[in-house]
Amino acid sequence: MSCQINGEVPGGVYLCQIRENISCGACCGLYNVADASQEALVSMLTCRTETFARVSRTMDAILAFRQEIEDREVQTRPYPQFHHCPYIGWVGQKRSRVGCLLHPLAQGNHGVDFRGLSYYGGMACRVYFCPAYHRLPAVPKEIIREVSTDWYRYGLIITETAMLTAFFEELERRLGRKLSRDDIVANEKAAEVLTQFLDLKLNWPFRPRPIVGWANYFFEDRLYVNPPINYESLGHPASKYDILLRELNSSIDSVATLHKAERVLERILGRLTEALG
Ligand code: SF4
Ligand code: SF4
């Protein structure tokens, strides 16, 4: 919910609004739209932001904006029970990252917090922190903040707590030591290989087709989770990359496909270990 720094940040590393073109709106339902391609989101966010700039800051006008957006945009969602907030738009001096149009620091709000008019209400929008805040270790958080180059990919990956934890744990196991932020951030080759891993969220060839949605439903009620791989029907023991395969939402129907998917991960981890050697 593009939450604000308010005293201590859980886990010590802030993840929501990072810099000019890096921010996240995943918990506001940003990616829970029928077409979650970057082009479609850019167009949606631009249209909303321009429309909202003309809205007077009164309760009635702000609520009418919501109605207008919901009438104008397709309301079919891959995850019907994951609320998509119509007040997510562009923020920042250059309108170059996603954020909350109702936030007191957003353009035209003159310091007034209008988030009380949202579906979740002002308190939830102010204090919510996703599981990545609480569970993802500080070093991976810092690394991903630094190596990310655009808001679209950053918001897709930063909430993937189980995937990122498993990946960095395996990397540390291979290295035989703890990883530091600068191991990756100060090493161009390592950053490039890590980016290849992060981009698997978008490029993973083993996702079920057609792709239903890109959003990560990370809320505690676990209404939408990736199905486990059925190793029994494959007649194959569980993969050592099981968490990664599952979190990448893999559809594995044969041992050959399983081995192919494992090789992709193996190659990236091998190259990254080498770059850090
Ligand atoms: S009002 Fe909407 S966009 Fe703003 S923080 Fe709340 S859920 Fe997110
Ligand atoms: S999903 Fe997490 S990182 Fe993204 S805006 Fe929400 S609280 Fe912040």
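Which residue's side chain meets that of Arg174 in a salt bridge? In this predicted model, the partner is Glu266, with 3.0 Å from N to O. Arg174 belongs to helix 7 and Glu266 to helix 13 (residues 255–276), so their contact ties together parts that lie 92 residues apart in sequence. Arg174 is partly exposed, at a relative accessible area of 23%, and Glu266 is partly exposed too, at 31%.

Let's step back to the whole fold. The protein has 13 helices and 4 strands. Its radius of gyration is 20 Å, close to the 19 Å that the globule rule gives for 277 residues, so the protein is as compact as a globular protein of that length. Of those residues, 53% count as buried. Among contacts between residues at least 6 apart in sequence, 68% join residues at least 24 apart.

Now back to the charges. The protein carries 32 positive and 32 negative side chains, and the centres of the two sets are 1 Å apart. Across the whole structure, a search finds 18 salt bridges.

One of them joins Glu160 and Lys201, whose closest N and O atoms are 2.4 Å apart. Glu160 sits in the loop between helix 6 (151–157) and helix 7 (161–175), while Lys201 is in helix 10 (residues 200–203), 41 residues away in the chain. Glu160 is buried because its relative accessibility, 5%, falls under 20%; Lys201 is likewise buried, at 6%.

Another pairs Arg181 with Glu146, at 3.9 Å between the closest N and O atoms.

Notes: Residues are numbered from 1 along each chain as its sequence is written. Chains are lettered from A and ligands numbered from 1 in the order in which they are written. This is a predicted model: local features need pLDDT of at least 70, side-chain atom pairs count only at pLDDT 80 or more; totals for chains, interfaces and linings use all residues. Side-chain values use heavy atoms; hydrogens and water are left out. Helices (H or I, at least four residues) and strands (E, at least two) are DSSP runs, numbered from the N terminus. The radius of gyration is taken over C-alpha atoms; the globule rule is 2.2 Å times the number of residues to the power 0.38. Buried means under 20% relative accessible area, exposed over 50%, partly exposed in between (1.4 Å probe, protein chains only). Contact means heavy atoms within 4.5 Å. Lys and Arg count as positive and Asp and Glu as negative; His and the chain ends are not counted. The place of a charge is taken as NZ of Lys, CZ of Arg, CG of Asp or CD of Glu. A salt bridge is a side-chain nitrogen of Lys or Arg within 4 Å of a carboxyl oxygen of Asp or Glu.
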